[in-house]
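Here's a quick briefing for anyone opening this structure for the first time. Have a look at the sequence and the fold, then read on.

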Amino acid sequence: MNQEILFISDLHLALEKPEITRRFLDFLKNRAPRAAAVYILGDLFDTWIGDDDPTPPTHKIRKQLKQLTASGMPVFLQPGNRDFLLGKQFCLDTGVTLLDDYVVIDLHGTPTLLTHGDLLCSDDLPYQAFRIKSHTPEWQQSVLSKPLLLRLLVARWYRIRSYFHKRKKSQSIMDVNQDTVIKVMHEHQTLRLIHGHTHRPNIHNFEINGHSAQRFVLPAWSKDAGGLLCWNSKGYQLESI
């Protein structure tokens with residue numbers, strides 16, 4: 001029985017990134033079926049303006065995800081800062097299970113905390129303020145009630161604005177705050193954390209109250225390569241896609 005658990009994040013799928021879409025579809029067809037479960041920890045899509053958006057390549061992705069989950073493969077998706085409007089219809093169309101912002105799983109006997117990672121970047125105060133506002137039911141209902149074309153135009157404008165805002169921010173502000181990491185891990189009583197968001201793949205070793213702890217940062221996918229974290233009963237390995 002296969003015990004491999006796969007973790008990916010930050011694919012940022014979009015019409016203008018066909019190489020990443022092809023790589024992800026190949027992953028769903030050939031690599032994912034050989035595992036026991038797949039976890040997508042946020043920003044699967046570069047933008048998500050509602051489950052009613054038919055813009056390519058969403059149809060192909062929904063179809064391939066549905067084929068995978070219909071085969072009995074559990075696929076879990078944690079919304080990120082780009083696709084937090086993913087909703088019930090997407091889950092019905094694909095068979096994936098949406099996860100909360102923080103989830104603790106039993107990863108081969110070790111409690112492991114999963115999150116996208118944006119909540120850990122607590123030094124970025126303007127973003128955290130926007131996140132609070134954008135996750136309220138009132139804000140989301142207001143956005144989703146707008147015509148699809150208007151949402152498409154606004155999303156494109158937000159992406160351009162986000163690009164220029166990031167250029168003005170320091171690298172340290174856009175990374176996680178270590179004190180926040182320790183606080184969150186302590187609250188969830190875990191010594192292992194897996195997340196994405198920062199696009200800074202690495203394995204960080206540190207201590208929490210005298211106990212050894214680890215933080216695994218997943219890689220973002222690009223037109224040239226992607227990556228995943230594979231965990232089985234013997235340990236973990238990083239795979240290039």
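**A first look around**

Pro 126 is exposed, with a relative accessible area of 61%; "exposed" means over 50%, "buried" means under 20%, and "partly exposed" is in between, using a 1.4 Å probe and protein chains only. You'll find Pro 126 in helix 4, and helices here are DSSP runs of H or I with at least four residues, while strands are runs of E with at least two, both numbered from the N terminus. Keep in mind that this is a predicted model, where local features need pLDDT of at least 70 and side-chain atom pairs count only at pLDDT 80 or more, while totals for chains, interfaces and linings use all residues. Residues are numbered from 1 along each chain as its sequence is written, and side-chain values use heavy atoms, with hydrogens and water left out.

**Getting a sense of distance**

- Pro 126 and Gly 50 are 76 residues apart in sequence, and their C-alpha atoms are 24 Å apart in space.

**The nonpolar core**

- In soluble globular proteins, nonpolar side chains tend to be buried together.
- A nonpolar core here is a set of buried Ala, Val, Leu, Ile, Met, Phe, Trp, Tyr and Cys residues joined through side-chain atoms within 4.5 Å.
- The largest such core has 31 residues, and Phe 24 and Phe 27 are the ones touching the most other members.
- At least two residues of this core come from each of strand 1 (5–8), helix 1, strand 2 (37–40), helix 2, strand 3 (75–77), helix 3 and strand 10 (227–232).
- Helix 1 gives the largest share, with five residues.

**Salt bridges**

- Side chains of opposite charge can pair when their charged atoms come close.
- How many salt bridges does the structure hold? There are 10, counting each case where a side-chain nitrogen of Lys or Arg is within 4 Å of a carboxyl oxygen of Asp or Glu.
- One of them joins Arg 62 to Asp 93, with the closest N and O atoms 2.7 Å apart. Arg 62 is in helix 2 and Asp 93 in helix 3 (residues 88–94), so this pair ties together parts that are 31 residues apart in sequence.
- Is Arg 62 buried or exposed? Arg 62 counts as buried at 10% relative accessibility, whereas Asp 93 is partly exposed at 28%.
- Another salt bridge brings together the side chains of Arg 131 and Asp 118, at 2.8 Å from N to O. This pair links distant parts of the chain, with Arg 131 in helix 4 (residues 125–134) and Asp 118 in the loop between strand 6 (110–114) and helix 4, 13 residues apart.
- Arg 131 is buried at 8% relative accessibility, and Asp 118 is buried too, at 3%.
- Asp 175 pairs with Arg 200 in a salt bridge whose closest N and O atoms are 2.9 Å apart. Here Asp 175 is in the loop between helix 6 (148–168) and helix 7 (178–187), and Arg 200 is in the loop between strand 7 (192–195) and strand 8 (202–208), so to speak distant parts of the chain, 25 residues apart.- Arg 200 counts as partly exposed, at 28% relative accessibility.

**Patches on the surface**

- Patches are made of residues with over 30% relative accessible area and no salt bridge, where like charges are joined within 9 Å and nonpolar side chains (Val, Leu, Ile, Met, Phe, Trp, Tyr) within 5 Å.
- Accessible areas come from the Shrake-Rupley method with a 1.4 Å probe, and for residues only the protein chains shown count as cover.
- Which residues form the positive surface patch? They are Arg 22, Lys 29, Lys 60 and Lys 63. Helix 1 (18–31) and helix 2 (58–70) are the elements that give two or more residues to this patch.
- For charges, Lys and Arg count as positive and Asp and Glu as negative, with His and the chain ends not counted; the place of a charge is NZ of Lys, CZ of Arg, CG of Asp or CD of Glu.
- Lys 60 lies in helix 2 and is exposed, with a relative accessible area of 54%.
- A nonpolar surface patch is formed by Leu 150, Val 154, Trp 157 and Tyr 158, which together have about 360 Å² of accessible area.
- Val 154 belongs to helix 6 and is partly exposed, at 36% relative accessible area.

**Backbone details**

- Pro 56 and Pro 57 are joined by a cis peptide bond, with omega about 5°. Pro 57 is in the loop between strand 2 and helix 2.
- Gln 189 has a positive phi of about 55° although it is not a glycine. Gln 189 is in the loop between helix 7 and strand 7 and counts as exposed at 70% relative accessibility.
- His 197, also a residue other than glycine, has a positive phi near 80°. Look for His 197 in the loop between strand 7 and strand 8.
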